[in-house]
Amino acid sequence: MTGTAQLLAATAVLGAGTFAFRFAGPALRSRVTLPPALERLLATAVVVLLAALVATSALTDGHALAGPARPAGVAVGALCAWRRAPFLVVVLAAAAATAVLRLLSVP
């Protein structure tokens, strides 16, 4: 197989696998029941994974630590979200806070 043929075959297999996983959820939801304790655990796991993603994105830039401007912007966005501001306000406030700090030469 050539490189292009392998790439196309891998793309087709991954596409079919992704479709199968996405189709299996709604198709099996009525047949498979999870214990309530496991459902609570999965809900908690979603929150923990999202928090880890936010922390990783906010505190690092590649393999190095980000400067204080980015975490400060994330903190401003989190504060706005906690106060139940509209999503557009949260994003704009976080971006504005980061921009102002960078304008003031905070890395």
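Reader: Which helix gives the largest share of the nonpolar patch?
Author: Helix α2 (residues 36–59) does, with three residues; helices here are DSSP runs of H or I, at least four residues, numbered from the N terminus. This is a predicted model, where local features need pLDDT of at least 70 and side-chain atom pairs count only at pLDDT 80 or more, while totals for chains, interfaces and linings use all residues. Residues are numbered from 1 along each chain as its sequence is written, and side-chain values use heavy atoms, with hydrogens and water left out.

Reader: Why is V32 called partly exposed?
Author: Its relative accessible area is 43%. Buried means under 20%, exposed over 50%, and partly exposed in between (1.4 Å probe, protein chains only), so V32 is partly exposed. You will find V32 in the loop between α1 (3–28) and α2.

Reader: What makes the D61 and R70 pair a salt bridge?
Author: The term asks for a side-chain nitrogen of Lys or Arg within 4 Å of a carboxyl oxygen of Asp or Glu. D61 and R70 meet at 3.7 Å, N to O, so the pair qualifies. D61, at 48% relative accessibility, is partly exposed, and so is R70 at 25%.

Reader: Why is α2 called oblique to α3?
Author: α2 and helix α3 (residues 69–82) pack at about 140°, with axes 8 Å apart. Angles under 35 degrees count as roughly parallel, over 145 as roughly antiparallel, 65 to 115 as roughly perpendicular and the rest as oblique, so α2 is oblique to α3.

Notes. Helices (H or I, at least four residues) and strands (E, at least two) are DSSP runs, numbered from the N terminus. Axes are lines fitted to C-alpha atoms, for helices over the stretch in contact, and angles run from 0 to 180 degrees between N-to-C directions.
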